[in-house]
Amino acid sequence: MQTDLDRYLLQRVQQKDMNAFSLLYERYCRTLYTLALRILSDRTDAETIVHDVFLYLWEHTDTYDEARGSLAVWLVTLTRNRAIDRLRAGASKRDTLGGADPLPEGLEAVTSSQPLESLLEQERQSLVRNALETLPAAQRSALELAYFDGLTQAQIAAQIGEPLGTVKTRIRLGLRKLREVLSPYLRAV
Amino acid sequence: MNHDEFDELCALQTLGLLDEPERRRFEEHLNSPCATCRETFWELAEATALLPYALPQRAPSPALKERIRQSIQSGAPMEAEAVRPARPGPGRWVPLTIAVAASLILSLGGATFYLNRQITQQRETIQQLNGRVAALAEQAAELTTLIRTMTDPEVKSIRLAGLTPEPRASGKAFIDARTQTVLFYAYGLTAAPAGKTYQLWAIPKGKTPINAGVFAADSTGSAVLTVRGLSDMDVLETIAVTLEPAGGLPQPSGPMYLAGS
């Protein structure tokens with residue numbers, strides 16, 4: 001998924017070019033915010049995560065290693081890890097304080113204000129959804145519980161009432177299938 | 001660890017599900033020279049990172065970008081206080097539309113600017129590389145000529161010794177009588193004084209010296225000269241270098257720096 005544009009913008013950000021940073025923000029803010037919001041179910045918390053991830057990008061571009069994955073993977077992983085950490089740290093606090101700032105029902109999804117980015121987003125969304133639909137429901141569910149809900153293997157096993165080995169197998173087979181289906185796409189964008 | 005085992009660890013790692021001992025085993029194998037496994041992990045990580053795209057995409061509040069910009073400018077700590085978004089009133093729509101349009105124009109303008117710069121830089125690089133290729137081709141042609149000349153049994157060679165003004169200098173000339181060509185190399189010459197130049201002479205047996213051209217030594221004291229169309233090469237006896245007024249003379253007049261027979 002690494003693109004020449006990402007690589008170039010990242011080089012400019014390393015040189016503290018705010019315009020390049022702004023373009024990277026426009027490219028990734030929706031995806032990262034969507035992910036953080038799905039994990040935390042709270043707009044303010046999700047924005048805090050996105051804020052911190054972009055600030056980290058600005059200050060620590062040198063810690064990114066292209067050999068270990070594309071910029072998109074790095075940003076998504078940073079966002080997910082921070083959101084999961086916040087979810088785990090805040091779960092008990094939120095329980096006692098009476099909840100956060102939930103997403104209103106029926107709020108429309110927002111696409112990019114840039115026509116090309118918007119088309120690419122729709123294309124990616126359709127590809128990934130189709131890929132997920134090729135998985136058996138049990139595998140898809142195990143992946144979602146792990147990725148979006150941050151549950152451990154043991155927690156997933158307890159929730160679905162299956163042995164730990166079954167959870168591992170479902171995750172392994174699910175991700176392998178996902179990789180196979182998305183394979184032509186992984187290097188193409 | 002075989003590939004299936006690593007496959008499973010990869011899947012769990014991309015979801016952050018490995019415990020510490022498993023993670024260490026995973027890292028150990030990932031850092032091994034197994035390219036297949038690294039590729040597997042890379043692709044699994046890429047595939048996993050696409051999962052958020054399956055969700056209906058939502059946009060953060062427009063104020064977030066400005067908050068990030070302010071945090072950068074003020075050098076704020078990582079955990080900046082996020083402002084809870086207020087519900088927009090009806091009066092916000094016009095400024096919001098303008099802001100979105102302005103953002104769109106700026107973003108597209110910025111992207112175009114960067115892409116154009118990238119194209120310009122790549123064109124410059126191509127031009128530089130083309131120039132380099134041409135220079136290398138020229139060098140290769142020179143070397144080919146030299147090798148052919150040096151290995152041709154019909155080509156005579158004359159070694160030139162440094163004389164009093166420049167005793168450490170030396171030279172070598174390759175003479176091909178068939179093509180009336182002299183290939184001349186000089187070493188250890190200091191740069192000629194202002195208004196002066198080195199001049200090469202071909203001297204056939206019993207005849208007056210023939211002007212074979214002027215040359216300058218480079219910063220390393222070396223010089224290369226190829227001279228074509230010289231007459232009487234079959235009876236060439238001596239090759240010499242003198243120091244002459246700039247532009248050279250029809251016959252030698254200055255001190256002799258190199259000579260060989």
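Arg178(B) is exposed, with a relative accessible area of 51%; buried here means under 20%, exposed over 50%, and partly exposed in between, using a 1.4 Å probe and protein chains only. I start there, and then work through the rest of the model.

Some housekeeping. This is a predicted model, where local features need pLDDT of at least 70 and side-chain atom pairs count only at pLDDT 80 or more, while totals for chains, interfaces and linings use all residues. Residues are numbered from 1 along each chain as its sequence is written, chains are lettered from A and ligands numbered from 1 in the order in which they are written, and side-chain values use heavy atoms, with hydrogens and water left out.

Back to Arg178(B). Its side chain meets that of Asp152(B) in a salt bridge, 2.4 Å from N to O; a salt bridge is a side-chain nitrogen of Lys or Arg within 4 Å of a carboxyl oxygen of Asp or Glu. The pair links distant parts of the chain, 26 residues apart: Arg178(B) is in the loop between strand E2 (170–176) and strand E3 (181–187), and Asp152(B) is in the loop between helix H5 (93–151) and E1. For these labels, helices (H or I, at least four residues) and strands (E, at least two) are DSSP runs, numbered from the N terminus.

One joins the side chains of Glu47(A) and Arg67(B), at 2.8 Å from N to O. It runs from helix H3 (residues 43–59) of chain A to helix H4 (residues 63–74) of chain B. Are these two residues buried or exposed? Glu47(A) is buried, at 3% relative accessible area, and Arg67(B) also counts as buried, at 12%.

Another is formed by the side chains of Arg172(A) and Glu8(B), at 3.1 Å from N to O. Here the pair crosses from helix H8 (residues 164–186) of chain A to helix H1 (residues 3–14) of chain B. Arg172(A) counts as buried at 18%, whereas Glu8(B) is partly exposed at 23%.

There is also a network of salt bridges in chain B, linking Glu20(B), Arg23(B), Arg24(B) and Glu27(B).

Chain A has 8 helices and 0 strands. Of its 189 residues, 52% count as buried. Of the contacts in chain A with a separation of 6 or more, 65% are between residues 24 or more positions apart; contact means heavy atoms within 4.5 Å. Chain A exposes about 8,500 Å², with carbon and sulfur atoms supplying 50% of it; accessible areas come from the Shrake-Rupley method with a 1.4 Å probe, and for residues only the protein chains shown count as cover.

Chain B has 5 helices and 8 strands. Along the sequence, its pattern is α-α-α-α-α-β-β-β-β-β-β-β-β. Of its 261 residues, 39% count as buried. Its accessible surface comes to about 15,000 Å², and 58% of that belongs to carbon and sulfur atoms.

Next, the sheet in chain B. It is an open sheet of 8 strands in the order E5-E4-E7-E8-E1-E2-E3-E6, with antiparallel pairing; two strands pair if DSSP finds at least two bridges between them. Which strands stand at the edges? They are E5 (210–215) and E6 (223–228), each with a single partner strand, so one side of each is left without a neighbour in the sheet.

Strand E4 (residues 196–204) is mostly covered, with 8 of its 9 residues buried. E4(B) pairs with strand E7 (residues 236–245) in the antiparallel sense over 9 bridges, and Gln199(B) stands opposite Thr242(B) in E7(B). The hairpin of E4(B) and E5(B) has 5 residues between the strands, and in it Gly206(B) takes a positive phi near 75 degrees.

Elsewhere in the sheet, E1 (residues 156–162) and E8 (residues 256–260) of chain B pair antiparallel over 2 bridges. Gly162(B) has Leu258(B) in E8(B) as its bridge partner.

Last, the cysteines. The structure holds 0 disulfides over all chains, a disulfide being a pair of cysteine sulfur atoms within 2.5 Å. Cys29(A) is buried at 4% relative accessible area, and Cys10(B) is buried at 0%.
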